[in-house]
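Me: I would like to learn how to read the side-chain features of a model, one at a time. Could you take me through a case, giving the general idea before each example?

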Amino acid sequence: MHTIHLLLQRTPRLFEQDWLSHAFNWKLSDDSADWYESEDMRFSPPHPFRMQLFLAGSRRGWSWCGKSIYGDVYYFPRLKKLDLNSTNVTGDIRDIGRKDFPALERLALPRTVHGGFGYEFQLISDVPSFMHTIHLLLQRTPRRLKEYWLSDAFNWKLSEDSANWYELEDLRFNPPPPFRMQLFLAGSRRGWSWCKKSLYGDVHSCEINWLDSEPHSESSDCEGYIEGLKHIEEILDTIFFKGHLQPPSELEYRRICWKWE
């Protein structure tokens, strides 16, 4: 669709407008691995496997849609739950806009989506900007993502294929490298950190990367922040990785291990 948009910008009169409004009748193939069909569509909207284009002034957009047997076109403005975990859908969680699925309260995405449940990052350096974007998404629509998934940061982690990945053979006496992520909420202040559970169940964490500034001492949220921060400090062990906002390099990790032996 992005390529079509660029083509239309260069040659806007190349295609007939009535064809464009129906997106040339483009649709998902019945043979697609993403295709599914329900037996009874009399009382439910059809699956949004067709496409349509829009033009508002000079601004162009598109959406998936489906027509019911009564001729209604659905954009899912009242959809409250979207669970795509059992599909192979692809995309990027950061592309969710302010006006997408305005009534959506719960969203579940598979690991094939950038930022979906269990997604694996290729580079440590990619994570901070990604977390900042997720923070903006949560500020706009705080109820869209399941809270118990959020605390574990959707099980996001560094890929074992990453150039930043390393693993030590003997982890009996030292915490494993902190290659997983977790999110925190203290009052209205959100933050995240790299972490990993040891063989004994302890959660060893890097320092917290805060995404909001600390509440002013006279603000209404200060008390909630202090209580939330106290709880976080009780469950986190940041001693081993003290001073590190991200996983240390393999050489630095070994140096830390030697220091604690």
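Predicted model: local features only at pLDDT ≥ 70, side-chain atom pairs only at ≥ 80, totals over all residues.

Me: Where does serine 205 lie, and is it buried or exposed?

Reply: Serine 205 belongs to strand S12, residues 203-205. With a relative accessible area of 0%, serine 205 is buried, because buried means under 20%. Leaving aside residues up to four places away in sequence, serine 205 touches Gln182, Ser193, Trp194, Cys195, Leu236, Asp237, Thr238 and Phe241.

Me: Which residues of the largest nonpolar core touch the most other members?

Reply: That core has 32 residues, and the ones that touch the most other members are Trp156, Met181 and Trp194. Two or more residues come from each of helix H3 (127-140), S10, strand S11 (189-197) and helix H6 (250-260), with H3 giving the largest share, six residues. Another core, of seven residues, lies apart from it and includes Ile208, Tyr225, Leu229 and Ile232.

Me: How should I read a helix such as H3, and which of its residues are buried?

Reply: The general idea is that an α-helix has 3.6 residues a turn, so residues three or four places apart point the same way. In H3 the buried residues are Val127, Phe130, Met131, Ile134, His135, Leu137 and Leu138. These cover an arc of only 160 degrees around the axis, which puts them on the same side of H3.

Me: How many aromatic pairs does the structure hold, and how do I tell one kind from another?

Reply: There are 13 aromatic pairs, and the angle between the ring planes decides the kind, with under 30 degrees counting as stacked and over 60 as edge-to-face. Phenylalanine 154 and tryptophan 156 form a stacked pair, at 5.3 Å centre to centre and 15 degrees between the planes, and both residues are buried. The rings of tyrosine 166 and phenylalanine 179, by contrast, have centres 5.1 Å apart and planes at 80 degrees, so this pair is edge-to-face. It links distant parts of the chain, since tyrosine 166 and phenylalanine 179 are 13 residues apart, with both in the loop between strand S9 (157-158) and strand S10 (180-186).

Me: What is the relative accessibility of tyrosine 166 and of phenylalanine 179, and which aromatic cluster holds them?

Reply: Tyrosine 166 is at 6% relative accessibility and counts as buried, and phenylalanine 179, at 3%, also counts as buried. They belong to one aromatic cluster formed by Trp165, Tyr166, Phe179, Phe240, Phe241, Tyr253 and Trp260.

Definitions and conventions: Residues numbered from 1 in each chain as written. Heavy atoms only, no water. Phe/Tyr/Trp six-rings, centres within 6.5 Å; stacked < 30°, edge-to-face > 60°. Buried < 20%, exposed > 50% of the residue type's maximum accessible area, 1.4 Å probe, protein only. Helix = DSSP H or I, 4+ residues; strand = E, 2+ residues; numbered from the N terminus. Contact = heavy atoms within 4.5 Å. Core = buried A, V, L, I, M, F, W, Y, C linked by side-chain atoms within 4.5 Å. Arc of directions from axis to C-beta.
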